[in-house]
Amino acid sequence: MYFTTKYFDGLKNIAAHYLERNYGYYMFEYLHTKLRLKGASTIIVGSSYGIESFNPSYLQGGCEDNFNLSMSSQDLYYHRCHIKKAIEETSDATCRIKKCVIVLGWYDLYHDVSLSKNESLVVRKIYEPLWKDAHHLEPADKEWDWMYGVPFDENVYTKEMLQYFCEDWTRKVVAEFQGYVKGASSTAESDKWKRMTQQEREEEACKRAYKHNRLTKYILTCEENKQILIEMLETLVEHNIRPIIVMPPLTEEYLHYLNPVYRTELLQFLEQIPISIDFFDMNDVSGFEESDFFDSDHLNHSGAKKTTLLLEELLSML
């Protein structure tokens, strides 16, 4: 049973599941350790829009000088946590942070991952183990189980052995990809959006936008996030770091269904902030095609290369 191809194939599948479920924690662990050791020129913070839209390997200096600290479902509160930690970690580094790219979605002022029933798991498996910070979520009464959701046969493998192996292997994979594991994912290569019929695209975009439009009722979250964003920008300016807010490209179908109030409110709010901000909406740039997206509001690998090269052009002019 043990000296067989089936045994090692099973181990490979378990490790792949472990990486898929836990790469966020190990990615941030790697990047923040590297920040302490070496520093960075540019950091990027954002949600899935940040991690799916910008591949630091395409920026000048690559992954050595540019760190993408974005993660799916990450909100403004944890963007600020990353920024504060990065500034602390690079205070004595040879390379100090000069620019911070804040990637936003139009609805981000209304988003709080710690108050979301569907997304709060991200807090449990990333930010609470990383920083002991659950924001509005009640602190966990026990440590996170890293094998949670990873299927394996207990008659063949022991949990302790798997955890040791998978943890070591995952750290090596993250280091091999220099902290940008998302670039190796299957969705990064997907052209699913292009292969859909127009009716299928309309239906998916409508469902996705509806999910985001429901957030408008969270007025208190919006007010809290406005203050968080102001504090974030003030912190950056105080440490001579240039803040750059970027809106990634979205499909026409998604924008059609998204509540226009989001865009109006965010732009009005940014205009009122007494801080100099570079703002760049990539939806105003032509050249993005259906083949650049894997769903209604996320780019695939080819789309991310376009946006990253566009960002590089922008950064070079600042």
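The expected span of a helix is 1.5 Å times one less than its number of residues. Keep that rule at hand for this tour of a predicted model.

**Stop 1: helix α4**

Select residues 76-89, which form helix α4. The helix has 14 residues, and its first and last C-alpha atoms are 20 Å apart, close to the expected 20 Å. Now colour by burial. How many of the 14 residues of α4 are buried? Eleven are, and the helix is mostly covered. Among them are Leu-76, Tyr-77, Tyr-78, His-79 and Arg-80. Cys-81, His-82 and Ile-83 are also buried, as are Ala-86, Ile-87 and Glu-89.

The helices are α1, α5 (121-131) and α9. The strands are β1 (42-45) and β3.

**Stop 2: His-82**

Stay on α4 and select His-82. Is His-82 buried or exposed? His-82 counts as buried, because its relative accessibility is 0%. Show its contacts, leaving aside neighbours within four places in sequence. They are Phe-28, His-32, Val-45, Leu-69, Gln-74, Tyr-127 and Trp-131. Ile-44 and His-82 are 38 residues apart along the chain, and their C-alpha atoms are separated by 9.5 Å.

**Stop 3: where α1 meets α4**

Select helix α1, residues 5-37. Two packed helices are described by the angle between their axes and the distance between the axes. Here α1 and α4 pack at about 35°, and their axes are 8 Å apart. The crossing is right-handed. From α1, the contact uses Phe-28, His-32, Leu-35 and Arg-36. From α4, it uses His-82, Lys-85, Ala-86 and Glu-89. Phe-28 and His-32 were also in the contact list of His-82.

**Stop 4**

Move on to Thr-94, in the loop between α4 and β3 (99-103). Thr-94 is exposed, with a relative accessible area of 78%.

**Stop 4**

Select Cys-95. Cys-95 counts as buried, at 16% relative accessibility. A disulfide is a pair of cysteine sulfur atoms within 2.5 Å. Now select Cys-222. Cys-222 is in no disulfide either, and the nearest cysteine sulfur, in Cys-81, is 19 Å away. Cys-222 counts as buried, with 1% relative accessibility. A search of the whole structure finds zero disulfides.

**Stop 5: helix α8**

Select residues 198-213, helix α8. Its 16 residues should span 22 Å at 1.5 Å a residue, and the end C-alpha atoms are 22 Å apart, which agrees. Highlight the buried residues: Arg-201, Ala-205, Ala-209, His-212 and Asn-213. Look down the axis of α8. The buried residues fall within an arc of 95°, so they line one face of the helix. An α-helix has 3.6 residues a turn, so residues three or four places apart point the same way.

Turn to the face away from the buried side. Gln-199, Lys-207 and Tyr-210 are exposed there. Then show what covers the buried residues of α8. The cover includes α2 (48-53), α7 (192-195), α10 (252-257) and α11 (260-272).

**Stop 6: helix α11**

Follow that cover to α11. This helix has 13 residues and reaches 19 Å from first C-alpha to last, close to the 18 Å expected. Its buried residues are Tyr-262, Glu-265, Leu-266, Phe-269 and Leu-270. Where on α11 do these residues sit? They are on the same side, because they cover an arc of only 125° around the axis.

On the face turned away from that buried side, find the exposed residues Pro-260, Glu-271 and Gln-272. To finish, display what covers the buried residues of α11. The cover includes α8, α9 (219-238), β4 (242-247) and β5 (278-281).

Note on methods: Residues numbered from 1 in each chain as written. Predicted model: local features only at pLDDT ≥ 70, side-chain atom pairs only at ≥ 80, totals over all residues. Heavy atoms only, no water. Buried < 20%, exposed > 50% of the residue type's maximum accessible area, 1.4 Å probe, protein only. Helix = DSSP H or I, 4+ residues; strand = E, 2+ residues; numbered from the N terminus. Contact = heavy atoms within 4.5 Å. Arc of directions from axis to C-beta. Axes fitted to C-alpha atoms, helices over the stretch in contact; angles between N-to-C directions. Left-handed = near helix turned anticlockwise from the far one by under 90°.
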